[in-house]
Amino acid sequence: MSPSTLIVNARLVNEGREFDGDLRIEDGRIARIGSGLSAREGEPVVDAAGRRLLPGMIDDQVHFREPGMEYKADMAVESGAAVAGGLTSFMDMPNTSPPTLDADALEDKYRRAAGRVRGNYGFYMGTSTSNLEAIQRLDPRSAPGVKVFMGASTGNMLVDDPEVLDAVFRDVPTPIITHCEDTPMIEAATARYREKYGDDIPAACHPDIRSREACMKSTQLAISLARRHGTRLHVLHISTADELALFERGPLVRPDGSRKQITAETCIHFLRFDRRDYEALGHLIKCNPAIKDPADREALIQALADDVLDVLATDHAPHLLEEKRNPYTRAPSGLPLVQYALVAALELVHEGRLSTAQVVQKFAHAPAQLFDVKERGFLREGYAADLVLVDDTPFTVRREDVLSKCGWSPFEGRSFHSRIASTWVNGQLAWDGTQLVGAAAGRRLEFDR
């Protein structure tokens, strides 16, 4: 591979601006951004022909299922699907088997990723009722954050003891990220529906079982704990209009350089599906929190535009189709999303709801800022050359094109107006618009704390 590549005639999108220009990659970094840049002798030239060039997306919420559930997903395969979708960095959740509850388990995941993963990677530490000492000893540069399941039972990782929660929020050395749903409310609703339907509860009941009230109660608790202790809190996958009133409106990084203490995100499936889609898709869109009403979907899109929601993510959580075909009480929650998340977000641009710069802010800049990711997430000279070239050519999602190990997508049969023409990771071409190319070029994310 040549140590440099020149991309010319691009429409660069970065830090709220769109502008025409050229970009040179050199030794894995963005060496120069300008106009009229001339190719050096023997230097490969990519003519963007006016297409949009974006920083690679940073997905702060994925479940790549390794270790322990490699039969349905693993880091190598899922990172390939992510890179094909323009997602060049990811942060993986701790509810694996075994769960990531101490420094040894955390480093085991980094060892597994090294040399195998196509995107850049970071791994969260998890919480349980018995690992407070491990959290207190955590090196804040070794993980993007600490994940707290505040009310959605995930093995032994549910933390609903008030004293333990208080101590975690008091002592955590990184941002806390939370899954906020109230388990007692969900269990009571499940019992009511099970009494009526048995195990075969209609999928359309899911947003009533995992209700907006369960989300609201748990989110309020997380925010109260963060305010009590001054903790940096990031609330994941907001699914309701109700919760939006709990969060501050305004940019993640304020004009004076200070940052919001409490931030929130939503996920791509909450913007592209709503309750009406359960009839056709059933358990394929069963996820936690649940996809809710059309009015929630509209409010979430507006909240992104209004800077109430700070981050857009996927919560990529693949399961096999045969698992999804089980009756409601045994059908797992989660969707495979990384491959088509960016083009799905760009549909909001085609619909006039967001600008491309806003998509880039929520899906690239903001995760980098929120988690102190070193030298990624922006088109800046000296930064890592994680890049995505977008081609506004329509296509329809087909099952045979899905790269995730589970082999299906909830977007099958849907058409998008944009596709990913090329993805570079650390300066290496990783996706050429039709297939993955080159060796795994992903690196461990560095957190500049």
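Trainee: How many helices and strands does the protein chain have?

Mentor: This is a predicted model, and its secondary structure comprises both kinds of element. In the protein chain the count is 13 helices and 19 strands.

Trainee: Why is the protein chain described as being as compact as a globular protein of its length?

Mentor: For 449 residues the globule rule gives 22 Å. The C-alpha trace spans about 70 × 45 × 40 Å along its principal axes.

Trainee: What percentage of the residues of the protein chain count as buried?

Mentor: A residue is buried when its relative accessible area is under 20%. The protein chain exposes about 16600 Å², of which carbon and sulfur atoms supply 46%. Of its 449 residues, the share that count as buried is 60%.

Trainee: Among contacts between residues at least 6 apart in sequence, what percentage join residues at least 24 apart?

Mentor: The contacts considered are those in the protein chain between residues at least 6 apart in sequence. The share of them that join residues at least 24 apart is 75%.

Trainee: Is Arg52 buried or exposed?

Mentor: Arg52 is found in strand β5, which covers residues 52–55. Its relative accessibility is 9%, and the cut-off for a buried residue is under 20%. Arg52 therefore counts as buried.

Trainee: Which residue has a side chain joined to that of Arg52 by a polar contact of 2.8 Å?

Mentor: Leaving aside neighbours within four places in sequence, Arg52 is in contact with several residues, including Arg11, Leu346, Val390 and Asp392. Ser418 is also one of these residues, and a polar contact of 3.3 Å joins its side chain to that of Arg52. The polar contact of 2.8 Å joins the side chain of Arg52 to that of Thr356.

Trainee: Where is Ser418 placed?

Mentor: Ser418 is buried, with a relative accessible area of 0%. Strand β17 covers 415–416 and strand β18 covers 419–425. Ser418 lies in the loop between β17 and β18.

Trainee: Which residue has a side chain joined to that of Ser418 by a polar contact of 2.8 Å?

Mentor: Not counting residues up to four places away in sequence, Ser418 touches several residues, among them Val343, Glu347, Asp391 and Phe395. Arg52 and His350 are also among the residues it touches. The side chain joined to that of Ser418 by the polar contact of 2.8 Å belongs to His350.

Conventions:
Residues are numbered from 1 along each chain as its sequence is written. This is a predicted model: local features need pLDDT of at least 70, side-chain atom pairs count only at pLDDT 80 or more; totals for chains, interfaces and linings use all residues. Side-chain values use heavy atoms; hydrogens and water are left out. Helices (H or I, at least four residues) and strands (E, at least two) are DSSP runs, numbered from the N terminus. The radius of gyration is taken over C-alpha atoms; the globule rule is 2.2 Å times the number of residues to the power 0.38. Buried means under 20% relative accessible area, exposed over 50%, partly exposed in between (1.4 Å probe, protein chains only). Contact means heavy atoms within 4.5 Å. Accessible areas come from the Shrake-Rupley method with a 1.4 Å probe; for residues, only the protein chains shown count as cover. A polar contact is a pair of N or O atoms within 3.5 Å; within protein, one must be able to donate a hydrogen and the other to accept it, and residues adjacent in sequence count only if both atoms are side-chain atoms.
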